[in-house]
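Here are a few friendly notes to read alongside the model. Please keep the 3D view open as you go.

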Amino acid sequence: MTTPAEALRERLQYVLDPELGASIVTLGMVGAITVDGTHATVEVALTTAACPLRAQIERDVKEAALVVEGISSVSIVLGTMSPSAKAVLMDTARRLAQESAPTTTIPRTTPVIAISSGKGGVGKSSVTANLAVALAERGFTVGVLDADIWGFSLPRLLGMAGDVTARDGKMQPLEKTFGTGSLRLLSMGFLAEEEKALLWRGLIVQKAVQQFVEDANWSGVDYFIIDTPPGTGDISMTLARLLPHMGHIIVTTPAMAAQRVAARMADFARRSNVRVLGVVENMAPFSCECGHEHDVFGRGGGIALAEELSTPLLASIPLRAHIAAGGDAGTPAVSSDTMASEIFQDLAELLTSKIAPPAGMTGCTARMLKDLDAAVERS
Ligand SMILES: Nc1ncnc2c1ncn2[C@@H]1O[C@H](COP(=O)(O)OP(=O)(O)O)[C@@H](O)[C@H]1O
Ligand SMILES: [Mg+2]
């Protein structure tokens, strides 16, 4: 029989060092694991004591521990690696990087965020579009993949149209400037007419997503955001395989029914070992000019789901005509409506400062990484 401590170590295999992109267990960062009753204590050695990504590592370890049967609380004892342990870690990281050369042009350290939910119509695409624009307005280059092959909507929501061209055998995403940054988008909408039903079967659809990820030029993107199709189907599985460091933001309406579906999505995310970064509640109650609060889609679903998943509620976005109208007009509300702007900029701020900081700006291992890339290039 597997003990809870063994099960936990097994589970920690899936916690990746955010910079090196390899398992913290494989990298030798996990020390002793003890379980006393239902309380687990995990020793984790960081490469540098002041590592700004320690919060993310702590959160991921904690989340992994709480999934293990028989563990209900966890403390993490953080330490710093000895120089010799660090040297071994770099050797391991180099070897792993050589063995598993990435199959995409998305930089290894770029945060990959899937906007997911268990059902359609909750606002995934609207959240994707507005969040991506908010990040671009902050000066980032944001790659956006419209993985909703049948139900693509991002070209319209973002007011982007055109033909995808190829250079050096790679599809070139269409690009649009927002503020000081830019957004690069690939969508089936650039390859098919919106009105035409796509009568493709599952396998071909998966292949299309794979090509959008692997055979496209995403080099240089600071963030990679994916608008996923509803449900926990094959496309999500394909994405999870291609982008193992992907994290999910789960969108739900405040209604309990949508929340239950979203919970199923989160359960899927857990089982396939993807990280849940947090919950976004959309279509939340709004106040109208007369001061009356309207809760068209119920209330409380967002925080209830976040609590159930021990993950933060990242934003609660009210039902707001500007958000729908902005989408129809191809000018996302984040850049035309003060309230939407505040909400989505706050969400972007939370992501860039805490939940998924951009690479390079955080870098406790940045110098080592450069080393690593040089080694991979030489091989
Ligand atoms: N906060 C909101 N306020 C008003 N309308 C919204 C809001 N979020 C989404 N919508 C509208 O709801 C519909 C469904 O949203 P969409 O983003 O396409 O959902 P999904 O991608 O999950 O299917 C769209 O017509 C969109 O404009
Ligand atoms: Mg959609």
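In what order do the 3 strands of the open sheet stand?

1. The order is β1-β2-β3, with mixed pairing; strands are DSSP runs (E, at least two residues) and helices are too (H or I, at least four), numbered from the N terminus, and two strands pair if DSSP finds at least two bridges between them. Because β1 (30-36) and β3 (73-80) are edge strands with a single partner each, one side of each has no neighbour in the sheet.

2. A word on the basis: this is a predicted model, in which local features need pLDDT of at least 70 and side-chain atom pairs pLDDT 80 or more, while totals for chains, interfaces and linings use all residues. Residues are numbered from 1 along each chain as written, chains are lettered from A and ligands numbered from 1 in written order, and side-chain values use heavy atoms, without hydrogens and water.

3. β2 (residues 39-46) runs parallel to β3 over 8 bridges. Along this pairing, V44 has L78 of β3 as its bridge partner.

4. Now look at ligand 1.

5. A polar backbone atom of R320 is 2.8 Å from a nitrogen of ligand 1.

Terms used
A polar contact is a pair of N or O atoms within 3.5 Å; within protein, one must be able to donate a hydrogen and the other to accept it, and residues adjacent in sequence count only if both atoms are side-chain atoms.
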